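Student: I should like to work through this protein step by step. May we begin with the sequence and the structure?

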Amino acid sequence: MRLHDKIALITGAARGIGAATARLFAREGAQLLLTDLLDEPGEAVAAELRAAGAQAEYIHHDVASLEDWRRIAALIAERHGRLDILVNNAGIAGGPQFEEATVADWDRMLDVNVKSMFIGIQTLLPALRARGASVVNLSSQLGLVGTDTSSPQYQTSKGAVRMLTKHAAIHFAADSIRVNSVHPGPIVTPMTESRRNDAERHPRIISRIPLGRYGEADEVAYGILYLASDESSFSTGIELVIDGGWTAQ
């Protein structure tokens, strides 16, 4: 098993890419701490994994809350004394365009998508340093290239994740903590459902993807698995792009 004896924390694990990653990690032998604000589906994912023989626990968690991160850090310190894998997956999307966006829109997007990752890594440092760890931050292909189909605050947040990742990768290399980012393109998840059901918008997005389709959550989860595992032990600060060719153009 690729994650045997690894303790992994996945944020935003109740659905979409987070849930797909949890299921894959469970099959590969990880002990899982799953967090989200969506308690019912989050508990359901953890129960499903336990029924299949995995060790999985769900924890209610607002990633923008320092107190919530401190609570989780205390739990990890008490029960495990270490954390081998941190997947910073939780995030939000959408929002109004430049002319309509408010300061509150910007603050919320940056708090959830970027500040949460800074707080999470900082708060969990003792556990991450215990024997070296892998941190995987979820960005987006829209953290690499511009588009007129997204909001400025979303694209800015995902670009910031990219640079936070590179800074942390260099800063923590001496601690044997690897930090990498994953940049998915359009993926079939609940977050993209409205776009996929939009008869005007959906064809326009598909036309920008050379492979001609949305990706599946499992296709991103396998990339996250690679970066979380020891197979990527010489990779830190990289951008793993899983976007059907969007950014190759």
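This is a predicted model: local features need pLDDT of at least 70, side-chain atom pairs count only at pLDDT 80 or more; totals for chains, interfaces and linings use all residues.

Student: What percentage of contacts in the protein between residues at least 6 apart in sequence join residues at least 24 apart?

Tutor: Buried residues account for 52% of the 249 residues. As for the contacts between residues at least 6 apart in sequence, the share that joins residues at least 24 apart is 71%.

Student: Which residues lie nearest the centre of the largest pocket?

Tutor: This pocket has a volume of about 970 Å³. Its lining divides into 20 nonpolar, 19 polar and seven charged residues. Elements that each supply at least two lining residues include α1 (16-27), β2 (31-36) and α6 (152-171). Of the 46 lining residues, those nearest the centre are Gly 91, Ile 92, Ala 93, Tyr 154 and Met 191.

Student: How many Å apart are the end C-alpha atoms of helix α9 (residues 217-228)?

Tutor: Among the buried residues of α9 are Ala 217, Val 220, Ile 224 and Leu 227. The helix has 12 residues, and at 1.5 Å a residue these should span 16 Å. The model agrees with that expectation, because the end C-alpha atoms are apart by 16 Å.

Terms used:
Residues are numbered from 1 along each chain as its sequence is written. Side-chain values use heavy atoms; hydrogens and water are left out. On a 1 Å grid over the protein atoms alone, a cavity is a set of points where a 1.4 Å probe fits but cannot get out, and a pocket is an open set with protein on both sides within 12 Å along at least five of seven lines; lining residues have an atom within 4 Å of a point. Grid points are joined across faces, edges and corners, and a volume is the space filled by probe spheres set on the points. Helices (H or I, at least four residues) and strands (E, at least two) are DSSP runs, numbered from the N terminus. Ala, Val, Leu, Ile, Met, Phe, Trp, Tyr, Cys and Pro count as nonpolar, Asp, Glu, Lys and Arg as charged, and the others, Gly among them, as polar. The expected span of a helix is 1.5 Å times one less than its number of residues. Buried means under 20% relative accessible area, exposed over 50%, partly exposed in between (1.4 Å probe, protein chains only). Contact means heavy atoms within 4.5 Å.
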